Amino acid sequence: MAHSSRLTLSASAARAAAAVVDDDDDLDEEPGEEIESAPPLRVGEEREIGGAGLRKKLLRPGRGWETPVLGDEVTVHYEGRLLDGRKFESTRDRGEPLTFELGREQGIAGLDQGIITMKRGELALFTLPCSSGYRHAAAQGVPPDADMQFEVELLSWLTVMDICKDGGIVKKVLSGGDDRQTGDLDEVTVKYQVRLLDGTIVAETPEGGFEFCVNQGHLCPALPKIVNTMRRGEKAFVTIQPQYAFGEAGREAINGLPAIPSNAVLNIEVELVSLKPVVDVTGDMKVLKKILRAGEGLRTPNSGETVCVRYTAMFKGGTTFEKVGFDGESFQFIIDEEQVIAGLDRAVSTMLKGELSELTIEPEYAFGNDEAKRDATIIPSSSTLIYVVELLDFTKEKDIREMTGLEKIQAAEGTKSSGNDLFKNGKFERAAKKYDKAARYIDGEGTFEDNEEKLVKSLRISCWLNSAACCLKLKDFQGAIRLCSQVLDNEFCNVKALYRRAQAYIEAADLDLAKLDIQKALELDPKNKEVKSLQMALKQLQAEKNRRDAKLYANMFQWTRKDADVMVKKLKVGKPQGEEREGSAKVEASNLENYMRCERKLAEKEVKCDRETQAMEVVDATCAGDREMADSGGR
């Protein structure tokens, strides 16, 4: 596995190390922190690492930029000497390097923080103070107060990953893959061989591997979790504890392979041979795109651009019903113009030039509940369809940043006009996209001439208002409120924006804000029939709300009415005797007081409802009087 984030002496590597080793929490500083910004060591240069007195001198540079982190399994050659040159330990003399896990006190105490600064193949001389606690010192004849030097060569390391963070699945990377990381939806091909701890093979794939979808799983619960951490071409050795393998149940012997005993620990050698990325195009798992061949570049088609494709369309069972764009004649359509089924349109807009993908399109994005005909084939209603599509090429619109002010205005006007046509035909979602796109053309400030600014402002406001109308049709009331508010930030007296925002407030059940917008609109345009009609509708809604509130209060306190007479009668009984009777009387008096308070609130609510209704009628009469005055010249 590639580890591009592991840079020499980086604080990020130190932080990753601290996360692996729990008993490092009491460190005053992170390993490598002091030299995080220092330049790399040159051959012969020496520098202190950390704050424990460990010093490093570079003898030979390593390869690349990657370094191990705590938790990785490293293989090193080393030679230990006292400062007077006397050798006391050497792996080279033994003829075998040392392999151990960093951060687990398995190697040379005090050297872990130095090794995590080394590159592959690097040779360095580390000086350890006597306080480092080298545990083999006495056995090697090292005096207790002696400083030591270790010449260390980092041969290699295996990245070790505790996948579930509980020791249940521990992966060692034997060889790294490319930059293609797996995802939950991807279709992968893996090779594996599973063994018990005694080496018995209990499961393995055919020579070509086995193909499956990651989210559907295979073999045991651990395998998809393992594959989800791998890159294409990666090989790994994984130890799996029983809870992620076959647990207490084990597995019976199959295909000539032995059974897996209950609570067996498994070792698996696994290789991710290939993967086909799968993309959820629509976000609801109803249009899935499996990339069979990657495309080129980074640019995908935008709305309104013409694409050139060829495809084969099939039923889910594999029967082909249509082939388009072959025999030298490519097929073209415009993105977002409903010239093909929605699923194909949406998927192609995510493709790169030259990409070949397989699409699985559910009925909602195909022909729905309707029966369709392609060539001589009838497509039944509610059919799930498969398309194998290749994006041959597409036209690229001129980038907005390259347009002149006049070009932007013309593009915005043309796009807005297309949106108007769509709106008239009831295609509100597509119309909204057109209005948003038109507004983006003229979104930049300071890019237009003085004589163009007035037209641009008017065009921008028109696009926002039209987009707000689409939001109302699509029941996106918060979107409508946001767009109308944008208009009012630029033109506080825009009656249409107040009217549409009031509509959205009413649908969002915010009647008070709707009332304010309506009053403001009528102040600006007292004769506006649409606003007056909306005011009448608001009055009816407010009256209904008041009646519901009054009924709610009545129901809430109904139980107090039933018991009121009983409480009054009890209070009229003679003076209570004893402490018990006196306490009972106080409780009953309190209950009666609560009841009377609730009755008063209910009465106040009903009076308030009547007053609001009367006030609305007065407002209407006042508006009528104002109109008479306006018609007669204000006299």
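## About the model

Because this is a predicted model, local features need pLDDT of at least 70 and side-chain atom pairs count only at pLDDT 80 or more, while totals for chains, interfaces and linings use all residues. Residues are numbered from 1 along each chain as its sequence is written, and side-chain values use heavy atoms, leaving out hydrogens and water.

## The whole protein

Let's start with the overall picture. The protein has 14 helices and 23 strands (DSSP runs numbered from the N terminus: helices are H or I with at least four residues, strands are E with at least two). Of its 635 residues, 41% are buried, meaning under 20% relative accessible area with a 1.4 Å probe, protein chains only.

## Two helices side by side

Now look at helix α6 (residues 405-424) and helix α8 (residues 450-473), which pack at an angle of about 25° with axes 11 Å apart. Axes are lines fitted to C-alpha atoms over the stretch in contact, and angles run from 0 to 180 degrees between N-to-C directions. The angle makes α6 roughly parallel to α8, a label for angles under 35 degrees.

On the α6 side, the residues making the contact (heavy atoms within 4.5 Å) include L406, I409 and F423. On the α8 side, L455, V456 and L459 are among them.

## A closer look at T415

T415 also sits in helix α6. Is this residue buried or exposed? With a relative accessibility of 11%, T415 counts as buried. Leaving aside residues up to four places away in sequence, T415 touches K434, K437, A438 and Y441.

Methods. Angles under 35 degrees count as roughly parallel, over 145 as roughly antiparallel, 65 to 115 as roughly perpendicular and the rest as oblique. Buried means under 20% relative accessible area, exposed over 50%, partly exposed in between (1.4 Å probe, protein chains only).
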